[in-house]
Amino acid sequence: MTAVLEVKDLHAAVDGKEILKGVNLTIRQGEVHALMGPNGSGKSTLGYVIAGHPHYEVLEGDILFNGESILDLSPDERAKLGIFLAFQYPVAIPGVSFANFLRAAVSSVRGYRDRIREEMERTGQFKEVGSELIPMREFRKELMDTMDRFNVDRSFARRYLNDGFSGGEKKRGEVLQMAMLKPKIAILDESDSGLDIDALRVVADGINKLVADGMGALLITHYQRILNYVKPDQVSVFYNGQVVLTGGPEVAEMLEEKGYGWIEEHLEELQSEKIAS
Amino acid sequence: MTTKTMIKQTISVAAVKAISDRYDEPEWLRQARLAAWENFVAMPWPTYKEETWRRTRLTGFHLEDFELPQTEVATFDDRQHLPEDLREALDKIDSAGALILQDGQVVYYEFDDSLARKGVIFTDIRSAIRTHEELIKVHLAALTPADENKFAALHYALWINGAFLFMPKHLTVDKPFQVLVLQSAGVANFHHTLLVGEENSEAVIVEDFIGSRQGMSDSVSEVFTKQAARMHYLRLQNLDESAWNFSTQRASAGRDALYRQLQASWGSKLSKVWIDLELEEPGGHGELLGLYFPQDHQHIDHHTNQNHRVPRCTSDLLFKGALDDHARSVYQGLIRVWPGAQKTDAYQKNDNLILSDHARADSIPGLEIEADDVRCTHGATSAKVPEEYIFYLMARGLSRRTAVRMIVQGFFEEVLNRVPVPGVRDKLEAEIAHRVGIE
């Protein structure tokens, strides 16, 4: 079954201030949906709300994953369904090694933890510590293979999570996590920002490989630049907390040519068209 | 049926004399005990007016609640015959020697003969008084005197035994020496640690403090790190959480010497721990590491001094603690640079991670500098687990509990990866995992 994430008339606020003002959007597995918009339009907020950030309050509307609402699910439950948020600014967590963290995350998302817990409840016998994790040898091999395939240096495994990482390394790290966790739908929040051309190629290449493997991506970006490397199936324009225009790749080209100012000037037309359609 | 009446021996000058009589102690030691007792009597009980006691109250502490150790303990000749928990504790570390004391009596002892032939002395202090009286006489109370504080005075009046290590010149022993200090319920125990590293020697000592339910531990340690020697002292305080714990510790570093200490304060109801580093000759380097993770109503207080008395010494202190429930911690530290101690390079850092709204960490770092060509840095932090960290990990599929556990374990990593003995590191990790609650 092809997974579908649908955002329906979503209104959300942070600290009492409404940021999302009726967002409608659909992301399908295997497709790239680019979401473009000026700074401060609420694009990142949309990513956080889909991932379940507790700081944001949903006022109205719904988010459906395969037709079922995920609004009541915690962030980890959403991750287990196959939803992934690649952060614009991944936090650095000192002392937690990339490999240990990723092993715990992979084990959780693939259900090792839940299976062990069920087994312990069924049999009444405790399992040794560590049995809730994917076997070390299996994990290491998969991690090394994935690092090679996605052009991430093997030294990442031993380093502390994003600690002392350059901007480019952080973004590669997000792609590596995505490649290991194999989400059905990924929201990539400005995964292209702050990258030089080489790092951009690595990140874009990673996204393309995962989409080819069947991942659906919501590519949140300010610039058209990454779309030279990752071809979108759909492009939506985000403005002032709403999607104001959705179309094919030609929308991105038009934006590149006319700029966000054009959207502002034609806002009323676009909105009435949307209502008409 | 016979009924045996136990006469409870309480803390008094009679008890002090009785210890000297029981062990037929040499005159100098007898006199030292009595002098210490006089110190103890003369010194007032601490009040909050003293800076070191401002944040730690002894409410509910009564000396008369504790007995002095009386009963004989079971002894073992063979490691295999030890109770399982003790055997396991020893087996975790591949050691050069092991000593288990209970309430000051030797329960078990093993030591590599080849090291003894090279001049290493590793034994309990009581035995060392018989075999090497001069060495004990020279070093005992030479670093930490009996008038240091009221608890040190009490210690020197009533101590029965402790651990003694003497490292001869130019010898390195890679494997650690291991000491288990067991304390019976309700007992006041006065463990003494005396470690002497002669010129250019190197040794690692691991000491575990265990037990003391409803009891009191009043320990003193003295570590001499002589010229170019390297002493690594790891103290793991795993006392019962109903125990009162007082500890006065001091180490000296000679010319170009390295002294490294870890204090892990897990147990006790209340701990008051003084740790002093004396940099006495140029080129000395000292590292003080600390870990604590109080829960429930535990109260853990560390008071450190980095004393730079001479030029060109370096010291580096890092104490990290997590606090849960209603726990409290106090960290008070001073870097003191004496006049003329130029080219001093000293660092002091205390970080606290607060896991509960009811927990509280007080941190008072300090500098007192009387030289003008020095580099001294200090800092303290106290913060809750950042919600952004938790969200990031949860967005990767970890439950909130697992996320917090990883962050807490990561927080301690900065200290753990400086612990030189893998077996000790494993034990510390296990204790942290236990405290943070494995899912």
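Tutor: Let us begin with pairing: two strands pair if DSSP finds at least two bridges between them. Please keep in mind throughout that this is a predicted model.

Student: What makes E14(B) and E16(B) paired strands?

Tutor: Strand E14, residues 285-292 of chain B, is joined to E16(B) by eight bridges, and the requirement is at least two, so the two strands pair. They run parallel, and within this pairing Tyr292(B) stands opposite Gly321(B) of E16(B).

Student: Why is E16(B) called mostly covered?

Tutor: A residue is buried if 20 or more other C-beta atoms lie within 10 Å of its own, and eight of the 10 residues in strand E16, residues 314-323 of chain B, are buried. Across chain B, buried residues make up 51% of the 439 residues.

Student: How is the secondary structure of chain B made up, and why is the chain called as compact as a globular protein of its length?

Tutor: Chain B has 10 helices and 20 strands. Its radius of gyration is 22 Å, close to the 22 Å that the globule rule gives for 439 residues, so the chain is as compact as a globular protein of that length. Along its principal axes, the C-alpha trace spans about 65 × 65 × 50 Å, and of the contacts between residues at least 6 apart in sequence, 83% join residues at least 24 apart.

Student: How do you know that domain 1 and domain 2 of chain B touch, and what makes up the side of domain 1 that does so?

Tutor: Chain B is divided into domain 1 (18-292) and domain 2 (386-439), whose C-alpha centres lie 30 Å apart. Contact requires C-beta atoms within 7 Å, and 13 residues of domain 1 are in contact with 12 residues of domain 2. On the side of domain 1 that touches domain 2, strands E8, E10, E12 and E14 of chain B each supply at least two residues, the largest share, three residues, coming from E10(B). The residues of this side divide into 11 nonpolar, one polar and one charged.

Methods: Residues are numbered from 1 along each chain as its sequence is written. Chains are lettered from A and ligands numbered from 1 in the order in which they are written. This is a predicted model: local features need pLDDT of at least 70, side-chain atom pairs count only at pLDDT 80 or more; totals for chains, interfaces and linings use all residues. A residue is buried if 20 or more other C-beta atoms lie within 10 Å of its own, exposed if 12 or fewer, and partly exposed in between; C-beta atoms are placed from the backbone. Helices (H or I, at least four residues) and strands (E, at least two) are DSSP runs, numbered from the N terminus. The radius of gyration is taken over C-alpha atoms; the globule rule is 2.2 Å times the number of residues to the power 0.38. Two residues are in contact if their C-beta atoms, placed from the backbone, lie within 7 Å. Domain bounds come from an automatic or database domain assignment. Ala, Val, Leu, Ile, Met, Phe, Trp, Tyr, Cys and Pro count as nonpolar, Asp, Glu, Lys and Arg as charged, and the others, Gly among them, as polar.
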